Amino acid sequence: QVQLVESGGGLVQTGGSLRLSCAASVRTFNNYAMAWFRQAPGKEREFVARITPGGGSTYYADSVKGRFTISRDNAKNTVSLQMNSLKPEDTAVYYCAARLGPYYGDYPYWGRGTQVTVSS
């Protein structure tokens, strides 16, 4: 069983920054690929970023490339999402997700989400 808890959301102005964190309750965190997704009001959930179990490779949605950075600390069982140059269209609930093994494929484990609101 993998439990994920997100934190760090909030209200920020356009152009501002936020750092989201996700704490994972699992013994072998370094065997899990991690990802961030988001869901805006009235829209489907969309992929944001993912990172390999060892942290050596990352992949981003085009909409956040160059502005967001995903990272992980396997010693602390955490994954983070640094979000810079935020735009109103980044407003969404952000979810942390995990899967065992490679970072491509379905993610079966999810947190409850943290709200990010970017004001114009």
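The torsion about the S-S bond of Cys22 and Cys96 is about -80°, so the disulfide (a pair of cysteine sulfur atoms within 2.5 Å) is left-handed. The pair links distant parts of the chain, with Cys22 in strand β3 and Cys96 in strand β9, 74 residues apart, where strands (E, at least two residues) are DSSP runs numbered from the N terminus. The sulfur atoms of Cys22 and Cys96 lie 2.1 Å apart, and the structure holds one disulfide. Cys22 counts as buried because its relative accessibility is 1%, buried meaning under 20% relative accessible area with a 1.4 Å probe and protein chains only; Cys96, at 0%, counts as buried too.

The model is predicted, so that local features need pLDDT of at least 70 and side-chain atom pairs count only at pLDDT 80 or more, while totals for chains, interfaces and linings use all residues. Residues are numbered from 1 along each chain as its sequence is written, and side-chain values use heavy atoms, with hydrogens and water left out.

In soluble globular proteins, nonpolar side chains tend to be buried together. The largest nonpolar core here has 30 residues, and those with the most contacts inside it are Met34, Trp36, Leu81, Met83 and Tyr94; such a core is a set of buried Ala, Val, Leu, Ile, Met, Phe, Trp, Tyr and Cys residues joined through side-chain atoms within 4.5 Å. Strands that each supply at least two residues of this core include β3 (18-25), β4 (32-39) and β9 (92-100). A second, separate core of six residues includes Ala35, Phe37, Tyr103 and Tyr107. When neighbours within four places in sequence are left aside, Met83 is in contact (heavy atoms within 4.5 Å) with residues including Leu18, Leu20, Phe68, Tyr94 and Val116.

Arg38 is found in strand β4 and is buried, with a relative accessible area of 6%. Its side chain makes polar contacts with the side chains of Glu46 (2.6 Å) and Asp90 (2.9 Å), a polar contact being a pair of N or O atoms within 3.5 Å, of which, within protein, one must be able to donate a hydrogen and the other to accept it, and residues adjacent in sequence count only if both atoms are side-chain atoms.

Strands β7 and β8 run antiparallel and are joined by six bridges, two strands being paired if DSSP finds at least two bridges between them. The bridge partner of Thr69 in β8 is Gln82.

Technical notes. Buried < 20%, exposed > 50% of the residue type's maximum accessible area, 1.4 Å probe, protein only. Helix = DSSP H or I, 4+ residues; strand = E, 2+ residues; numbered from the N terminus.
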